[in-house]
Structures are given as structure tokens and as C-alpha cells.
Amino acid sequence: MNNTYINSMRPPICYICGKRFEPSEKVDIIYFKKQDSDIEWEKRMKRERKVEHPPYAEWFCAEHFEAANKLKHLPLHEALKLLKPLGK
Ligand SMILES: [Zn+2]
């Protein structure tokens, strides 16, 4: 793993509560329904041989994983609209 790879990855912070994960903690990433723009993104990454944080994926802490997991059939932006109020 080189620096370019690390820098291109989003730091693991729960989207809902903003909790930053400790390196020892189990981190969960959820992949939501891909949209056309996400499929385009994947093609571009493949073409450019890059590895970046997928635009349809987000991190969640153990407390919020379940709620987020129930909405993964939705595109990310729609799921996040429903999930964001949970952090308040
Ligand atoms: Zn959380």
C-alpha cells in the first residue's frame, strides 16, 4: 500500500454521528445501490487504474450500522437523507 492509495481513501468516520473509529475498532462500510454516475465512476477508476472511496459507499459505526444496512437498497444520497436525523 503506498501513500497515494491511503490518501485517496476517506477516513473512516461514521456518517451519522461523526464518530471517528479507533484503529482497533471494527469498521463497517455499506455499499448502497449504484446509480448511473457510480457505474461511470467505476469504469473511470478501472480505466485510470485508481482506487478511491466509492461514491456509493459510506462508513457507519456499530450503533448505526443496522439502520444504514436496512436502507442499502436505496441510492446513497436518498439513504443519507433518512439516516442523518438519527445522529441528532
Ligand atoms: Zn454512528
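## Starting at Phe-21

Leaving aside neighbours within four places in sequence, which residues is Phe-21 in contact with? They are Pro-12, Val-27 and Cys-61, where contact means that the C-beta atoms, placed from the backbone, lie within 7 Å. Phe-21 sits in the loop between α1 and β1 (28-31). Its C-alpha atom is 8.9 Å from that of Pro-11, a residue 10 places away along the chain. Phe-21 counts as partly exposed because it has 17 C-beta neighbours inside 10 Å. For that label, 20 or more other C-beta atoms within 10 Å make a residue buried, 12 or fewer make it exposed, and anything in between is partly exposed, with C-beta atoms placed from the backbone.

## What kind of model this is

This is a predicted model, with local features needing pLDDT of at least 70 and side-chain atom pairs counted only at pLDDT 80 or more, while totals for chains, interfaces and linings use all residues. Residues are numbered from 1 along each chain as its sequence is written.

The chain averages a pLDDT of 86, and 89% of the residues score at least 70; pLDDT is the predictor's confidence in each residue, from 0 to 100. Helix α2 (residues 36-48) comes out highest, at a mean of 97, and helix α1 (residues 3-8) lowest, at 44. Over residues 1-7 pLDDT stays under 50, and the model has two contacts beyond four places in sequence for that stretch. Where pLDDT is low, the predicted coordinates should not be read in detail.

## The overall layout

The chain has four helices and two strands, in the order α-β-α-β-α-α along the sequence. Of the 88 residues, 16% count as buried. Among contacts between residues at least 6 apart in sequence, 71% join residues at least 24 apart.

## The core and α4

The largest nonpolar core has 12 residues: Cys-14, Tyr-15, Ile-16, Phe-32, Tyr-56, Trp-59, Phe-60, Cys-61, Ala-68, Leu-76, Ala-79 and Leu-83. A nonpolar core here is a set of buried Ala, Val, Leu, Ile, Met, Phe, Trp, Tyr and Cys residues joined through C-beta atoms within 7 Å. β2 (57-60) and α4 (76-83) each supply at least two of its residues, with α4 giving the most, at three. Tyr-56, one of the core residues, touches Tyr-31, Phe-32, Lys-34, Asp-38 and Leu-76, not counting residues up to four places away in sequence.

So which residues of α4 are buried? They are Leu-76, Ala-79 and Leu-83. They lie on the same side of α4 because they cover an arc of only 70° around the axis, the arc being that of the directions from the helix axis to the C-beta atoms. What covers them includes β2 and α3 (62-69). On the other side of α4, His-77 and Lys-81 are exposed.

## α2 and the residue after it

At 1.5 Å a residue, α2 should span 18 Å, and its end C-alpha atoms are 18 Å apart, which agrees. That expected span is 1.5 Å times one less than the number of residues.

Next comes Arg-49, which follows α2 and is found in the loop between α2 and β2. Arg-49 has a positive phi of about 50° although it is not a glycine. Arg-49 counts as exposed because it has 6 C-beta neighbours inside 10 Å.
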